[in-house]
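This report looks at helix packing and aromatic pairs. Please have the structure open while reading.

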Amino acid sequence: MQKSKSGIALGALGAVVYFSALLGGYIPLFLLSGYIFIKEESKWLKKAVFKAIVLMLVFSGLGAVIDMLNEILGIFNNLFSWDMEIPLGLDYVFKNIISISKTVLFSVLGFKALGLGDIPIQTIDNAVCCEPDSTTDINKEMTD
């Protein structure tokens, strides 16, 4: 079992990062991420932290887009005395879908991280691993 510089197992530290993204919000996630990027040497752990940050920002961005649509419609309603809204409460449905998928994804990533596992998300993984051979470095690191 590989340990981090703080003495915590790498998998446990990765799980803490994912669960802090799910339950804690931005401040705990960024504090943990800062520590890991500065002090830790594990490529797997840094990749997990980067993935957690990007996914957190994506889910927040999706929620912000839905809120922005509601605000834009509210502005037009006030300016032109229109009565426009998102039909059938789809904004509420979309926000709940985003929330459920965030909870499921971060939970699965957290539990997979306990065993130094991962769910491949190509766009994020390609941003982290720019060289084709770096994935073999991560696999080698996990087996050592």
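The model is predicted.

**Helix α4**

Helix α4 covers residues 90-114, 25 residues in total. From first C-alpha to last, α4 reaches 36 Å, close to the 36 Å expected at 1.5 Å a residue. Its buried residues are D91, I98, F106, S107, L109, G110 and A113. The cover over these buried residues includes α1 (10-23) and α3. Just after α4, L116 has a positive phi of about 60°.

**Packing of α3 against α4**

How are α3 and α4 oriented to each other? They pack at an angle of about 175°, and their axes are 10 Å apart. Angles over 145 degrees count as roughly antiparallel, so α3 and α4 are roughly antiparallel to each other.

On the α3 side, the contact residues are W44, K51, A52, L55, M56, F59, L62, G63, I66, D67 and N70. On the α4 side, they are D91, F94, K95, I98, S101, K102, L105, F106, L109 and A113. By class, this contact has 13 nonpolar, three polar and five charged residues. D91, I98, F106, L109 and A113 are among the buried residues of α4, and they also meet α3.

Helix α3 itself runs over residues 43-80 and includes I72. I72 has 36% relative accessibility, so I72 counts as partly exposed. I72 and E85 are 13 residues apart in sequence; their C-alpha atoms are 9.8 Å apart in space.

**Aromatic pairs**

The count comes to five aromatic pairs. A pair of aromatic rings is described by the distance of the centres and the angle of the planes. Two of the pairs are set out here.

| Pair | Centre to centre | Angle of planes | Type |
|---|---|---|---|
| Y18 and F106 | 6.5 Å | 40° | tilted |
| F19 and F111 | 5.3 Å | 70° | edge-to-face |

Y18 lies in helix α1 and F106 in helix α4, so this pair ties together parts that are 88 residues apart in sequence. Y18 and F106 are both buried. Together with F59, they form one aromatic cluster. F59 is one of the α3 residues that meet α4.

F19 lies in helix α1 and F111 in helix α4, so their pair ties together parts that are 92 residues apart in sequence. F111 is exposed, because its relative accessible area is 56% and the cut-off for exposed is over 50%.

How values were computed:
Residues are numbered from 1 along each chain as its sequence is written. This is a predicted model: local features need pLDDT of at least 70, side-chain atom pairs count only at pLDDT 80 or more; totals for chains, interfaces and linings use all residues. Side-chain values use heavy atoms; hydrogens and water are left out. Helices (H or I, at least four residues) and strands (E, at least two) are DSSP runs, numbered from the N terminus. Buried means under 20% relative accessible area, exposed over 50%, partly exposed in between (1.4 Å probe, protein chains only). The expected span of a helix is 1.5 Å times one less than its number of residues. Contact means heavy atoms within 4.5 Å. Axes are lines fitted to C-alpha atoms, for helices over the stretch in contact, and angles run from 0 to 180 degrees between N-to-C directions. Angles under 35 degrees count as roughly parallel, over 145 as roughly antiparallel, 65 to 115 as roughly perpendicular and the rest as oblique. Ala, Val, Leu, Ile, Met, Phe, Trp, Tyr, Cys and Pro count as nonpolar, Asp, Glu, Lys and Arg as charged, and the others, Gly among them, as polar. Rings of Phe, Tyr and Trp (its six-membered ring) pair if their centres lie within 6.5 Å; planes under 30 degrees apart count as stacked, over 60 as edge-to-face and the rest as tilted.
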